[in-house]
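Dear colleague,

Please read them with the model open beside you.

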Amino acid sequence: MKFAPARLLMSFPAAITVFLALSACREAPPLAHPNVVVILADDLGVGDVGWSGLATSPIATPNLDRLAARGLVLEQFRTAPLCTPARAALLTGRAPARLGLLRNISQKDVGGLGLDAPTLAETLGAAGYATELVGKWHLGHASEPLRPMQRGFQKFVGVLGGWIDYETHARGKNADWWRDGSPAVDEGHATRLLATEAARAIRERDPAKPLYLHVAFTAPHAPTSVPPGRRLDEVAGDDPVRRAYALLVDELDRGVGVVLDALEQEGIRGRTLVLFASDNGAPLGYGGSNGLLRGAKGSVYDGALRVPAILSFEGTIRPGRSSVAVNAVDIVPTVCEALSVALAPDEQRDGVSVWAALVHGAPSPVRTGVFGVERADGTSWTVFDGRWKYVDDPDTARSALYDVLQDPAETRDQSASEPEVRSRLAAELAPWRALPHMPFVPDESPQRGTSGDASK
């Protein structure tokens, strides 16, 4: 039987009309708010990346370089000196001292982030966002109410505690790998798995909802090990620990590339605010570097506090470098302003939005930031106002005042020449000292050195 072509084919204008109508039906409705992706490194120092401007022997990070070139490098981004306090500040906008968190949560702890502190995930979830955490939590694990899915994240893949072996996904003898609310078993290097999960979250997102994806890599946190299929001779240098660490940083950088590529492939890079930062500076002995800065993770000097950070929102944020002082507690109000999302009421929030200062060149908000760390020999404190930094450190058995804009290495005590500034900042610190906090417990970090095939 023959078919009459004239009866089967539409006219060209009619075909175009039908095509446009079908395309309109398939197109998702416009989102009320942009997407946001927060990417955290774990213990990455400013001396590990060339774009920080503070490195003496940086590690190659081509994907982070790409993000830095297309975003705004935050030259004065400071956070808390340890993992738990830093993550608590970033997710709640409250100072760790107010939250009672001046040390890391240990395996034996039954407490965690206070249940009265609204998280960014809860705020964005209430505004209609799909929320997912891929990676490290470290804000409480002992009971369900402390865990990510009870704190605003609708999905979770990753680690509840402070660190894991990259291949066994265990901390000591205890496995710590979760999928939503249950223990899970996934084979592979943790950094690669988390990058894959983050890309999956982007691809499988609900197109009718804006996405808040929080990607908290466990790299390059110890244990410093050579990833599967990698070799030390890929990296130049004489120090095997630094070389193994550089491979962990390279795996992190590749993971960041996987996330950025997924945004590009899905066509949503221009509708997505991306924040990259390290949770704190690098510790001593594991291969990391804080470059020209004094101190390391666990101190109150800028080697612990001042970390590499980039904010990117293509078409909205002009690429470049910013000297605006940004505190981790500022992230919640700043992100909410950028996304046009109302902040959850919280009278104890310490952070302020710096969006206008970063994007429009408005005057930077004038305020002080307070950081502390609980140690075996007492509590170290610092208070910082954007230029002046007052330090009270048991290591030196005295207090000091530094002009960190003129003296970023914190080598010249200005107490004698600026007694009024010193007195003002010391007075501002006094009420913070009186707040209760979790008592000191010994650190549970893995042993220093390398594991894996470090001989090749």
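A nonpolar core, as I use the term here, is a set of buried Ala, Val, Leu, Ile, Met, Phe, Trp, Tyr and Cys residues joined through side-chain atoms within 4.5 Å. Please bear in mind that this is a predicted model.

The largest such core has 51 residues, of which Val36, Phe77, Tyr212 and Leu273 touch the most other members, and its largest share, six residues, comes from helix H10 (residues 331-339). Beyond its neighbours within four places in sequence, Tyr212 is in contact with residues including Val36, Leu91, Tyr129 and Phe153. A second, separate core of 46 residues includes Ile39, Ala190, Leu193 and Leu211.

Helix H3 (residues 62-70) has Asn63, Leu64, Leu67 and Ala68 buried; because these cover an arc of only 140 degrees around the axis, they lie on the same side of H3. Pro62 and Ala69, which are exposed, sit on the face turned away from that buried side, while the cover over the buried residues of H3 includes strand E2 (72-78) and helix H8 (240-265).

Among the charged pairs, Asp250 forms a salt bridge with Arg230, with the closest N and O atoms 2.9 Å apart; Asp250 lies in helix H8 and Arg230 in the loop between strand E10 (224-225) and H8, so the pair ties together parts that are 20 residues apart in sequence. Glu251 also forms a salt bridge with Arg230, at 2.8 Å. Salt bridges that share partners join Arg192, Arg230, Glu234, Asp250, Glu251 and Arg254 into one network.

With best wishes

Definitions and conventions:
Residues numbered from 1 in each chain as written. Predicted model: local features only at pLDDT ≥ 70, side-chain atom pairs only at ≥ 80, totals over all residues. Heavy atoms only, no water. Buried < 20%, exposed > 50% of the residue type's maximum accessible area, 1.4 Å probe, protein only. Helix = DSSP H or I, 4+ residues; strand = E, 2+ residues; numbered from the N terminus. Contact = heavy atoms within 4.5 Å. Arc of directions from axis to C-beta. Salt bridge = Lys/Arg side-chain N within 4 Å of Asp/Glu carboxyl O.
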